[in-house]
Amino acid sequence: MRVLVTGLGTFWGSKLAQALEALDAAEVIIGVDTHEPRLPLERTEFVRADSSFSILNRLVRAAQVDTILHTHLIVDSTQMRGRALHETNVIGTMNLLAAAGAAGSPVRKVVVKSSTLVYGSTYQDPYFFREDMKRVRSPRSQVERSLGEVASYVRDFAEDNPHVVVTKLRFTNVLGDDIDTPFSRALRRPVVPEIFGFDPRMQFTHEDDVIRSLCYAVQEEVPGVYNVAGDGTLPWSEVCAIVRKPRFALAPVMTNLTARPLRAAGLLDLPSELLEVLRYGRGVDNSRFKRAGFKYRFTSAGTVHAFAQAMRLEHVIGNARPVYRYERDVEDFFRHSPAVVHEAEVE
Amino acid sequence: MTPTSGKFRLAQGGRSRFPSRMPDRAPEAPPTTIDLTTSPDDMATGPHDMATGPDDVATGSRDLVPLPREAEEPPDAGLRRSDVDAWGRSEHARSLARRIYDPLYRRWFRVEWDGLENIPRTGGALLIANHAGAIPADAPVIMHGIEKELGRPVYGLADNLFRALPVVGTLWARGGGVAAHPDNAYRLLHDDNQLALVFPEGTKGPGKLYRDRYRLRRFGRGGFVAIAMRAGVPVVPITVVGSEEAMPLLYKSARGAKLLNVPYVPLTANMLLLGPLGAVLPFPAKFRLRVLPPVHFDVPADQERYSRSRVMEEAEKIRENMQESLYDMLRTRRSVWFG
């Protein structure tokens, strides 16, 4: 298997490349991004490139890539907004899929990491979204709109390329030891926001389950769209109780407007689409991916507990993880210098 | 997975115990299943306490016909701090609500049931009833009565507008209210084997004037029949007498309703007699409820679509039966206040 990972410079891209390196089936791992990898990698080849079509097309052919793992979709609108978000999500995906679907392309599998943000969050929603359900109201936030556009590109690609296995995983509110999301930031603060009078049903996915599910999709043949979320739901008040944080209430009317000064003051960083989740919650049906053979390690409540424990440890010892900086020359030396003796060769 | 005491969860068909405390006020002891010494690296390899048990994944996977999941303990029961279930219902909140409501149920409405044995003790069933009174008292009476008498939780399906209301929406959900979405109903009945209560008349029931009392409105488009068919559960009709007189609707303002974006703005006899208090206080009409025999549909479950004419035919038959039952109950009622 020759894998191309997009967004190697993001947390997920680096983390996934690490996980793929452990798989013997992945002979070649190539990572593309404009930023350097965030984590130390053994044998992943990093290509500093933007997501323009011509480069991807050349890359896919030159390296005979048969599997594309598309992690470079921005689902956290606090990371990127406006034009850059559109370029990354919509144009990036369009170019990638065009390269993957070009005549004579060796690509046989595409795995896309998306988000349950595509379902939105309104009071008219079903309590558990299945993969085939449409969102009730048209998206209002830019990130949701762009994910919707990405979804239609992926659908078209799957239709036009029946010989390619296309898997799209929609992840729900991820928490974990390392990942930084708006919800994890909110829960790390001394006082956690809520919307007055609302106590929504929340669902969480553990970081490890995200990595495992993407690796599962890379290894197995699971075409189609799948929700990925821990079993069960729990109310936001309980989430705050598990992490032992007091709550402060945002106004139930004109919430987004009143949240603006708080955001500006740096006291809140939940974007509007997540304030809706904090109001109405969102549940998704995770049974389809289970039927496809995936086994979750964490339930929603288990994810929150694991997060609380990680936070407690961090509270005592601080962030103990060594800071990694990518050095091109060093990495090139380890990968390509004849002086380096690889373990496989020793045996 | 460690078996938990199950005190938070109402066992299927078992008697309900009414725990006296809300979960939030329980002393904050760390759940026993969590090993606090677990390092994050151990966590990455999957601690079994937090993990979904392997047998859990095995159930229901790759089954062509999904097997009914009978009141099993959720896999993360030991990790939960509250007893709020996937539908937002909390047995603790319910039992508190029951304690507050019980005097009203026994002394004010003096509720009497007939044919309770028609409600199944196990398995899903769709309960339907006539809906009346400007602010209908029938929903809490039915839910309270069944939970009290049968010890089974009842989920009340209602307009999703409740979800949009702060505080009220949360209390409504904790008390067993669920937004009436076809998929919610299907999951409750088919996957969770629960009792769900729905008023097929919708807001047209409580929104009818006093002079039309006990005349059933149209049963929507028969959606409740299609849901029961799809879920493979029986429909259990319940007829209620007393709700109409508890809060008679004398006049409704169409313009006010439009302005406030609600189905109707009522002027009730209670308001005329009691002033503002009348907006919330029903008259002490005697409540009598009759449960009719369950209606089973002889159709395969889980179909994409059911014949519209068949659905309408069944819905109409049920409606006629309920109307007949209502007339029958009214024929034998001697007094509005004493039954």
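Predicted model: local features only at pLDDT ≥ 70, side-chain atom pairs only at ≥ 80, totals over all residues.
**Entry 1. Chain B overall.** I looked up the secondary structure of chain B and recorded 11 helices and nine strands, helices being DSSP runs of H or I of at least four residues and strands runs of E of at least two, numbered from the N terminus. Residues are numbered from 1 along each chain as its sequence is written, chains are lettered from A in the order in which they are written, and side-chain values use heavy atoms, with hydrogens and water left out.

I noted that chain B has 339 residues, of which 51% count as buried; buried means under 20% relative accessible area, exposed over 50%, and partly exposed in between, with a 1.4 Å probe and protein chains only. I then checked contacts (heavy atoms within 4.5 Å). Among those in chain B with a separation of 6 or more, 79% are between residues 24 or more positions apart.

**Entry 2. Helix α7 of chain B and its two partners.** I began with α6(B) and helix α7 (residues 223-231) of chain B, which pack at about 40 degrees with their axes 9 Å apart. Axes are lines fitted to C-alpha atoms, for helices over the stretch in contact, and angles run from 0 to 180 degrees between N-to-C directions. The angle makes α6(B) oblique to α7(B); under 35 degrees counts as roughly parallel, over 145 as roughly antiparallel, 65 to 115 as roughly perpendicular and the rest as oblique. On α6(B) the contact uses P182(B), A185(B), Y186(B), L189(B) and H190(B), and on α7(B) it uses I227(B), R230(B) and A231(B). By class I listed six nonpolar residues, one polar and one charged. Ala, Val, Leu, Ile, Met, Phe, Trp, Tyr, Cys and Pro count as nonpolar, Asp, Glu, Lys and Arg as charged, and the others, Gly among them, as polar.

I next took α7(B) with helix α11 (residues 308-332) of chain B, where the angle is about 110 degrees and the axes are 8 Å apart. α7(B) is therefore roughly perpendicular to α11(B). The residues in contact are F224(B), V225(B), A226(B) and M229(B) from α7(B), and R310(B), V311(B), E314(B), A315(B) and I318(B) from α11(B). I found seven nonpolar, no polar and two charged residues in this contact.

Entry 3. In one of them, D183(B) pairs with R187(B), the closest N and O atoms being 3.0 Å apart. Both lie in helix α6 (residues 182-191) of chain B, and because they are four residues apart, about one helical turn separates them. D183(B) is buried at 7% relative accessible area, and R187(B) is buried at 8%. I traced shared partners and found that salt bridges join R130(A), D132(A), D285(A), D183(B), R187(B) and D191(B) into one network.

**Entry 4. Salt bridges in chain A.** I looked up D180(A) and found a salt bridge with R185(A), the closest N and O atoms being 2.7 Å apart. D180(A) is partly exposed at 40% relative accessibility, whereas R185(A) is buried at 18%. I then examined R189(A), which forms a salt bridge with D269(A) at 3.4 Å between the closest N and O atoms. R189(A) lies in the loop between α5 (182-188) and β8 (192-195) of chain A and D269(A) in the loop between α8 and α9 of chain A, so the pair ties together parts 80 residues apart in sequence. R189(A) is partly exposed, with a relative accessible area of 22%.

**Entry 5. Helices α8 and α9 of chain A.** I turned to the helices on either side of the loop of D269(A). The axes of α8(A) (residues 255-264) and α9(A) (residues 272-280) come within 11 Å and cross at roughly 120 degrees. The two helices are therefore oblique to each other, and I recorded their crossing as right-handed. The contact is formed by T255(A), N256(A), A259(A) and R263(A) of α8(A) with S272(A), L275(A) and R279(A) of α9(A). It has two nonpolar, three polar and two charged residues.

Note on methods:
Left-handed = near helix turned anticlockwise from the far one by under 90°. Salt bridge = Lys/Arg side-chain N within 4 Å of Asp/Glu carboxyl O.
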